Amino acid sequence: MSTVTGVSAADQTPGPDGRRPLQADHASTGRVGDRLFGGAATVSGVFVIVLVTLIAIFLIVQAVPALMDNSANFFTSRVWAPGGEQPAFGILEFLWTTVTASAIAMLLSVPVGVAVALFLTQYAPTWMRRPAASLVDLLAAVPSIVYGLWGLIAFAPVFKPVQSFIEDKLGWFPLFAPTGISGGTICFIGVVLAIMVLPIVTALSREVFDQTPTAHKEGALALGATQWEMIRTSVLPFGRPGVISASMLALGRALGETIAVTFLVSALADGNPWSWSLFNGGETFASKIANNASEFSNPNKTGAYIAAGLVLFVLTFVVNSIARVVIERRKAFTE
Amino acid sequence: MSTATDRRLPDDRVPDDQVASGDTSTPPGGRSGRDALSEMSNPHRARAVKDVVARVVMWAAFFLAVVPLVWILGTVIGKGFHMLTTSTWWTGNQRNVNSDDFGGGARHAIEGTLQMVGITALIAVPIGILTAVYLVEYGRGHLARVISFTVDILSGVPSIVAALFIYAIWVTAFGFSRSGFAAALALVLLMIPVIVRSTEEMLKLVPNELREASYALGVPKWATVVKIVLRTAFSGIVTGVLLGIARVMGETAPLLILAPYTKNFQRDLFNGNFPTLPMMINQDRGDFALATAAERMWGAALTLILLVLLLNVIGRVIAHFGAVKK
């Protein structure tokens, strides 16, 4: 796996010499140096655990008082008025926007990303593979604010006619109902997020496809499979867990993406009627928090935003745990 | 940024897929998709058609993906480059430069960004490397599993949540003000998992024979780890660190929450607003319709990309020349 996301599947996998990495050996001599160094390493490791625990605890502790004072239902209300005598706030709208935009991003980026990865490993002429892979890697490193800037200035005008076309032709369908909002619609944000996570999906999938055992592929070809049949029967099954975890990591990225979305969103006016349309505006968790950073004046207001952040944390936690489980299962198969 | 390919051992064997299918025009059996089309009877033709369709789809997907990506790079370079050639860009700051004024420099933001990621690296790198050492050299049983799991969790924490956490602990609980240092702390959270994972992978590449030889000579474990294992993996670890720095350099969410922007030079990480490149881009967000503001944003974006790219290139060069030899 790669450091795009910092997550790796390589915990217990055999090293290049085919052996499992050194497990608990008993080389420690019990000398001062050993105890100090081993102690420092252990402390660092435990520190990471403490850090993650603290994140959860601090977010919960500071969110709870605000949630207690909340006069609206946190999960089903669309109001966001955390200040004042009678704070009322709910996350329904952010949840909808965040999840829908990320779903669009996944629907677009996973098939394309996997196809590009297959292209780079199976179809591309040899001279093209390295430069193209480097280009993808470079794009995975481009900061998200650049995607936001590009989306805002360069891409939005191009997307506008596409949106009006779809609204014209498919407007009868609730998901595509015209809302009068152009620019930062959920759909547009989803597309920009898709472009942003595409290099991540591609880079991770490419690495997995590259590792398909030659024997599998040659076996398929020797049985008379066409190249596509070879890919379908040997490369894809081998790479499936890797693709799933890559997608989950990309999904985590899309859910939590802040600045690109903040550049693009159209916030909805208070009391806006509910719409199922993908062409509606609306803030995501991350953009709502980022846009209101200057409002963190009193603890109750801050608490409301922290509560929203907590939901986002839980959301990404679940997604990452699923990725983790998939990776573990793959390990169980390969060992 | 995918680095595993670069950190892999020097690859002197032919990639698998070239053996199997590298030359797509004559796969084993001598039938290319097109020949198959003309020569085969009906049930076979369906398979051949599928094969050709799949090939076309893959090429199409590649070009579909390349278009926006090249478009982005092209726009940033095309619109940002001439800002970088103005006389004040590398020397001046944005003091008294309004959205509708031309000119001004980015030096304050470049220095600020470098200073901030420097502090971040100073804190995150030792923790990250030691944690990786624990996981590879010492870890066993439940503790190692739990640490490994929490590193995964940490790597999935969205930057905005990391920022909220630092806000909750640093500003709300401790009562400090927002500052460059607070933002650096949030970046530390984002950088630790990157360092741990990349270092871990490098340490695993160090052959066990080296450790065993060292033990056999009576070298204590800590000295073996420091002088043999870490030294062997050194270049790979440096690469991981550079890529980790590149990764947090462009993070904006923590800066939005924790380090308000200033147009002036500011070297004090602990008091007052702090200039950084992402925030410099963000600053003109509301005025992007003004040519002057847009120019500044593109210029800052290009500068940021160049910094990230520079770190990546240095990292790759080090990885290329210093890879662990078998």
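This is a predicted model: local features need pLDDT of at least 70, side-chain atom pairs count only at pLDDT 80 or more; totals for chains, interfaces and linings use all residues.
1. Helix α4 of chain A (residues 144-170) packs against helix α14 of chain B (residues 291-322), with axes 10 Å apart and an angle of about 150°. Angles over 145 degrees count as roughly antiparallel, so α4(A) is roughly antiparallel to α14(B). The crossing of α4(A) with α14(B) is left-handed.

2. Which residues meet where α4(A) touches α14(B)? From α4(A) come Val146(A), Leu149(A) and Ile153(A), and from α14(B) come Ala294(B), Met297(B), Ala301(B) and Ile305(B). Sorted by class, this contact has seven nonpolar residues, with no polar and no charged ones.

3. Now look at the whole meeting of the two chains. Here 101 residues of chain A are in contact with 106 residues of chain B. On the chain A side, helix α1 (residues 32-69) gives the most, with 18 residues. The side of chain A that touches chain B has 59 nonpolar, 31 polar and 11 charged residues.

4. Next, a pair inside chain B. Helix α5 (residues 107-138) and helix α6 (residues 141-156) of chain B have axes that come within 10 Å and cross at roughly 135°. That angle makes α5(B) oblique to α6(B), and α5(B) passes α6(B) in a left-handed crossing.

5. What makes the contact between α5(B) and α6(B)? Thr131(B), Tyr134(B) and Leu135(B) belong to α5(B), while Ala144(B), Ile147(B) and Ser148(B) belong to α6(B). By class, the contact of α5(B) with α6(B) has four nonpolar, two polar and no charged residues.

Note on methods:
Residues are numbered from 1 along each chain as its sequence is written. Chains are lettered from A and ligands numbered from 1 in the order in which they are written. Axes are lines fitted to C-alpha atoms, for helices over the stretch in contact, and angles run from 0 to 180 degrees between N-to-C directions. Helices (H or I, at least four residues) and strands (E, at least two) are DSSP runs, numbered from the N terminus. Angles under 35 degrees count as roughly parallel, over 145 as roughly antiparallel, 65 to 115 as roughly perpendicular and the rest as oblique. A crossing is left-handed if the near helix is turned anticlockwise from the far one by less than a right angle, and right-handed if clockwise. Two residues are in contact if their C-beta atoms, placed from the backbone, lie within 7 Å. Ala, Val, Leu, Ile, Met, Phe, Trp, Tyr, Cys and Pro count as nonpolar, Asp, Glu, Lys and Arg as charged, and the others, Gly among them, as polar.
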